[in-house]
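Happy to go through this one with you. Let's take a few labels and ask what stands behind each of them.

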Amino acid sequence: MEGKKEKTFKFVIVGGGIAGVTCVEQLSSQFPSEDVALFTAGPLIKAVTNYKQVSRTMEEFDVEERPSSVLEEKFPNLTVIHSAVKSLHTHSHCVETADGRVFGYKKLCICSGARPKLLTQENPNVLGIRDTDSAQVFQKRLSKARRIVIVGNGGIALELVYEVKGCEVIWAVKDKAIGNTFFDAGAAQFLITSLEADKAEAAGPCKRLRYTMEEPAPDAVQTFTADEYSRGQNPGAVEPGSALGPDWHRGIELQGAEQVSHRVSVEYQCEVKQIFTSEEFLLSSNQTLKADTAGSWPVYVQLTNGNTFGCDFVVSATGVIPNTDPFLHGNNFLLADDGGLQVDDHMRTLEPDVYAAGDVCTACWERSPLWQQMRLWTQARQMGLYAGRCMAADVLSESIELDFCFELFSQVTKFFNYKVVLLGKFNAQGLGSDHELLVRCTKGQEYVKVVLSRGRMVGAVLIGETDLEETFENLILNQMDLTAYGEELLNPNIDIEDYFD
């Protein structure tokens with residue numbers, strides 16, 4: 001049974017990533033005389049900086065890692081507790097930390113994020129990249145590497161493949177095209193030509209300031225998942241940090257051992273069948289496992305398409321698993337199919353006074369037909385802020401409407417050094433055959449795709465400096481019938497903004 005409560009806080013937030021910190025800032029400023037606590041395993045927190053509201057639903061910001069003392073200086077009513085949470089007792093409203101301390105709460109928000117799905121936990125030559133620590137380990141390993149295999153087709157895989165220099169890359173994707181999470185085959189084709197071109201030097205310094213923690217002692221066990229709660233199961237483990245965002249590779253030199261610029265080969269529509277150590281590979285009685293090159297590699301990857309590659313290490317970039325483990329035992333949470341804690345339109349879980357935000361939760365309200373959840377920094381910030389406002393409204397017995405940001409999905413980011421804007425059902429998600437696409441593409445310059453359903457715009461992908469994002473955002477939100485315009489909608493000789501101002 002849990003021990004005696006050391007202190008009871010009005011609000012407790014678990015997790016020092018974007019969602020948790022945004023929630024803490026909202027509550028600490030709205031209730032300056034109430035006690036707020038942030039539980040975080042690492043010494044650094046993720047802070048949103050240079051925030052810009054670009055349009056009604058689009059926003060841009062940088063993320064900086066900062067010592068948590070910065071937050072405590074800003075909010076005198078905030079206490080940061082540097083420990084992972086071991087268990088949650090919802091019936092007695094308290095949390096127990098990994099070091100055995102017990103704290104009470106009136107309202108709790110779980111913002112514990114997610115960890116990478118690893119292809120295998122056992123092999124030290126398989127790395128997951130999710131946080132700044134694992135990115136630095138990756139950088140060190142890369143400096144001695146001649147060839148790596150990257151598995152996955154999301155944002156981190158896309159960035160890695162583009163950014164890695166001086167090392168051969170085999171890229172295994174399960175889809176027919178790269179970047180399937182974000183793009184269709186046309187956008188993928190537009191971007192893949194960038195892989196073949198020589199990269200321009202990155203312009204200007206990266207705005208994201210970085211604090212690095214001391215190097216762990218050589219004999220310390222290192223875990224490379226982003227699971228803040230690994231200390232519970234693995235007492236010697238170094239605590240990892242929270243998720244990386246879109247510019248994570250800037251300011252880190254991703255240079256391999258060979259003097260080549262870009263050598264990427266993509267293996268489409270395949271997944272990893274098996275991973276072998278060099279010993280297992282040599283002992284393998286299966287003679288069909290002919291590797292592509294002679295010589296010995298530390299690790300071999302057999303793909304489902306029959307090809308086997310030897311390499312220095314494998315990068316597992318195949319999505320994330322919500323960090324729910326410490327909170328489930330003895331409580332009545334509902335989990336969604338993707339493993340996230342189910343939340344309603346006030347970010348509430350099934351347990352009274354327990355909310356959740358960011359990657360750990362799954363939005364289970366009746367969603368707008370133009371919005372979908374993707375585990376991205378933008379949504380972590382929006383959910384953290386909204387959860388804080390919902391907790392406040394609950395305490396003050398006020399009503400609160402679902403935030404407008406959940407009306408339309410929007411994401412502004414960069415891939416392969418191009419500005420990328422994604423709006424609404426940008427990949428015709430869930431529309432079946434009931435849609436049509438309009439596409440305009442200028443090689444090396446821009447790619448514009450519009451998704452129409454029954455004559456109305458429901459999604460768009462904009463790559464390059466198109467200046468169309470606000471116009472398209474308005475057309476999607478207004479649901480105006482565009483049938484009369486047909487393909488003229490993307491005619492480059494027509495200034496579309498003039499039409500719809």
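Q: Which strand does Thr-362 lie in?
A: In this predicted model, Thr-362 belongs to strand E21, which spans residues 361-363.

Q: Why does Thr-362 count as buried?
A: Its relative accessibility is 5%, and the label buried applies under 20%. Thr-362 therefore counts as buried. Leaving aside residues up to four places away in sequence, Thr-362 touches a set of residues that includes Ala-336, Asp-338, Leu-341, Val-343, Arg-367 and Arg-375.

Q: What makes Cys-111 and Cys-405 buried or exposed?
A: Cys-111 has a relative accessibility of 5%, and Cys-405 has a relative accessible area of 12%. Buried means under 20%, so Cys-111 is buried and Cys-405 is buried too.

Q: How do H1 and H9 pack, and at what angle?
A: Helix H1 (residues 18-30) packs with helix H9 (residues 377-395) at about 30°, their axes being 7 Å apart. The crossing of H1 past H9 is right-handed.

Q: Which residues of H1 meet those of H9?
A: Among them are Ile-18, Thr-22 and Leu-27 from H1, and Trp-377, Gly-384 and Met-391 from H9. The residues of this contact comprise nine nonpolar, five polar and two charged.

Note on methods:
Residues numbered from 1 in each chain as written. Predicted model: local features only at pLDDT ≥ 70, side-chain atom pairs only at ≥ 80, totals over all residues. Heavy atoms only, no water. Axes fitted to C-alpha atoms, helices over the stretch in contact; angles between N-to-C directions. Helix = DSSP H or I, 4+ residues; strand = E, 2+ residues; numbered from the N terminus. Left-handed = near helix turned anticlockwise from the far one by under 90°. Contact = heavy atoms within 4.5 Å. Nonpolar A, V, L, I, M, F, W, Y, C, P; charged D, E, K, R; others polar. Buried < 20%, exposed > 50% of the residue type's maximum accessible area, 1.4 Å probe, protein only.
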